[in-house]
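Hello,

Here is the structure we talked about, with my notes below. Please read them with the model open.

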Amino acid sequence: MAVLLISLDTVVAYGQKQTTSSLAYAFYNDQEWAKAAPLFLKMYEEKGIVSYLRTYIRCLIQLEDYNTAEKTLNRKIRKTGDQSLYIDLAYLSDIQGDIKVAENYYLKPFKQFPQSVSAMKTLGNNYRYYLKYEYAQQVYEIGRQLLNNPDEFHLEMAGIFLMLRNFPAMLDEYFNLLVSQPRYLRTVQSQIRYTLTSDVDKTLLSTAKIKTLGFIQRFPGLDVFSELLIWIYLQEENFDRAIDLAAALDRRNKENGQRLLDIARTADNANAYTSAIKGYERLIE
């Protein structure tokens, strides 16, 4: 019976937590800031999850209760030493027009710079949250120097260059990531495909192709860039070049022809029958 009671208590407690969270977000989504705020503060006090604190601060901002928001953040900084909360203080100053005060707060985390990769990522993400991409870039650049690891933060830096629309720099970060970690090929392809939707100049794919050819020359033993180039040819619907490169890669690695078959079928489905026949003939050979 005691075990049953304990189990029921646990279920009830779990249900209450779920209800509090659901209710808080329901109020937040309905823009009932005064009702949502105390619930998010309560969850933060119980769990210590910073996202709850930031949502609480956002509620106070909507209520224009800047004084309470500032006092809360200062108190949490004193208690936890979390330097990234200065960024929230900076934003508070920003929206109230105190530009100089905001700038001082934005710079504060650099004076007690984090020493671990996870803390550096957290700090960089906080700057990115408030669209302060230049500060985030500085965090990752300083982090690379402190860690003595130029291959750290490639994904984070690529994300920043994407937001800054510096696509060549973004591609450099992705390609340098592939040099050390080829397993990220699908991720890189996905990110390039996503970026194509905002490529108003229609130059991203050609730039990616040029850079890929350069990396193939620099790292001839890495198949990942040949695979990437095949993918780029397919985006261009240049099936003949994709087939030629796939056949060469198949021969070099003594593969079973599956890659070549997939490309031939892709060409067939795109009604590029001449290329499809070429692929099937290469496969038969």
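**Helix packing**

Helix 13 (residues 223-235) packs against helix 14 (residues 239-253) at an angle of about 155°, and their axes are 8 Å apart. That makes helix 13 roughly antiparallel to helix 14. This is a predicted model: local features need pLDDT of at least 70, side-chain atom pairs count only at pLDDT 80 or more, and totals for chains, interfaces and linings use all residues. Residues are numbered from 1 along each chain as its sequence is written, and side-chain values use heavy atoms, with hydrogens and water left out.

Some terms. Helices (H or I, at least four residues) and strands (E, at least two) are DSSP runs, numbered from the N terminus. Axes are lines fitted to C-alpha atoms, for helices over the stretch in contact, and angles run from 0 to 180 degrees between N-to-C directions. Angles under 35 degrees count as roughly parallel, over 145 as roughly antiparallel, 65 to 115 as roughly perpendicular and the rest as oblique.

Helix 13 passes helix 14 in a left-handed crossing (the near helix is turned anticlockwise from the far one by less than a right angle; clockwise is right-handed). On the helix 13 side, D223, S226, E227, L229, I230, Y233 and L234 make the contact (heavy atoms within 4.5 Å). They meet F239, R241, A242, L245, A246, L249, R252 and N253 in helix 14. By class, the contact of helix 13 with helix 14 has 9 nonpolar, 2 polar and 4 charged residues (Ala, Val, Leu, Ile, Met, Phe, Trp, Tyr, Cys and Pro are nonpolar; Asp, Glu, Lys and Arg are charged; the others, Gly among them, are polar).

Now the second pair. Helix 6 (residues 99-111) and helix 8 (residues 133-147) pack at about 15°, with axes 11 Å apart. The two are therefore roughly parallel to each other. The crossing of helix 6 and helix 8 is right-handed. Helix 6 brings E103, Y106, L107 and F110 to the contact, and helix 8 brings Y135, Q138, V139 and I142. These residues divide into 6 nonpolar, 1 polar and 1 charged.

**Helix 2**

Does the length of helix 2 (residues 33-47) agree or disagree with its residue count? At 1.5 Å a residue, its 15 residues should span 21 Å, and the end C-alpha atoms are 21 Å apart, which agrees. The expected span is 1.5 Å times one less than the number of residues. W33, A36, A37, L39, F40, M43 and Y44 of helix 2 are buried (under 20% relative accessible area; exposed is over 50%, partly exposed in between; 1.4 Å probe, protein chains only). G48 follows helix 2 and has a positive phi, near 70°.

F153 has a positive phi of about 70° although it is not a glycine. F153 sits in the loop between helix 8 and helix 9 (154-163). With a relative accessible area of 1%, F153 is buried. K202 also has a positive phi, near 60°. K202 is in the loop between helix 11 (185-196) and helix 12 (204-218). At 67% relative accessibility, K202 counts as exposed.

G124 lies in helix 7 (residues 117-129). G124 is buried at 0% relative accessibility. Leaving aside neighbours within four places in sequence, G124 is in contact with A136, V139 and Y140. S93 is in helix 5 (residues 85-95). S93 is buried, with a relative accessible area of 8%. Not counting residues up to four places away in sequence, S93 touches D98, V101, A102 and Y105.

Best wishes
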